[in-house]
Amino acid sequence: MKPTPLAAALIASLLVASASAQTVASNPWVRGTVAQQQSTGAYVQLKSPAGGKLIEARSPAAGQTEIHEMAMDGTTMRMRQVPMIELPAGKTVELKPGGYHLMLMGLKAPLKAGDTVPLTLVIEGKDGKRETLELKAPVKALAQGTWTP
């Protein structure tokens, strides 16, 4: 049975709405490491049209992956694990050095410029539904003499 033009239009609009509700990840990257370094930071820009929150991250390159933030505590910059990062509807949230980021801990091998690190991000929408983003993040060289997660 062929759908009526109205039914076809409704189906098409539902498919577009469903596709536009997905979170978009852009510019993922991971900071390179030096020999014996056991952890590093991973960064990405996230935009959720409908809003939601980043609730989990994982990578086979590390024994553990956590969501972290760096924030001032009085006059001291401190890093701490957070349970999630809010993704306001339609706004880009940047995970970057010195702010929100992902910590890859217990690295299984050193990461050098040119390597690619698989990352899996779990986003929970305002409706409670979860989506999984599979990323391939290029490794960027560690800046000489500096390290900021």
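Colleague: Let's start with one side chain. What is the relative accessible area of Arg58, and how do I read it?

Modeller: Arg58 has a relative accessible area of 37%. Keep in mind that this is a predicted model. Buried means under 20% and exposed over 50%, so Arg58 counts as partly exposed. Its salt-bridge partner is Glu56, with N to O at 2.7 Å. Glu56 is partly exposed too, at 31%.

Colleague: Okay, and how many salt bridges are there in the whole structure?

Modeller: A search turns up six. One of them pairs Lys53 with Glu124, where the closest N and O atoms are 3.8 Å apart. Lys53 sits in strand β3 and Glu124 in strand β9, so this pair ties together parts that are 71 residues apart in sequence.

Colleague: Which of the labels, buried or exposed or partly exposed, goes with Lys53, and which with Glu124?

Modeller: Read the percentages against those cut-offs. Lys53 has 26% relative accessibility, so it counts as partly exposed. Glu124 has 17%, so it counts as buried.

Colleague: What about the bridge between Lys112 and Asp115, how far apart are the closest N and O atoms?

Modeller: They are 3.2 Å apart. Lys112 counts as exposed, at 55% relative accessibility, while Asp115 is partly exposed, at 21%. Some bridges also share partners: Lys53, Glu124 and Arg130 are joined that way into one network.

Colleague: Now the inside. Which residues touch the most other members of the largest nonpolar core?

Modeller: Leu54 and Leu121, out of 26 residues in that core. Several strands give two or more residues to this core, among them β2 (39–47), β3 (52–58), β9 (116–125) and β10 (130–140).

Colleague: And what is Leu54 in contact with, leaving aside its neighbours within four places in sequence?

Modeller: The list includes Leu46, Ile67, Pro83, Leu95, Leu121 and Ile123.

Colleague: Let's zoom out. How many helices and strands does the protein have?

Modeller: There is one helix, along with 10 strands.

Note on methods:
Residues are numbered from 1 along each chain as its sequence is written. This is a predicted model: local features need pLDDT of at least 70, side-chain atom pairs count only at pLDDT 80 or more; totals for chains, interfaces and linings use all residues. Side-chain values use heavy atoms; hydrogens and water are left out. A nonpolar core is a set of buried Ala, Val, Leu, Ile, Met, Phe, Trp, Tyr and Cys residues joined through side-chain atoms within 4.5 Å. Buried means under 20% relative accessible area, exposed over 50%, partly exposed in between (1.4 Å probe, protein chains only). Helices (H or I, at least four residues) and strands (E, at least two) are DSSP runs, numbered from the N terminus. Contact means heavy atoms within 4.5 Å. A salt bridge is a side-chain nitrogen of Lys or Arg within 4 Å of a carboxyl oxygen of Asp or Glu.
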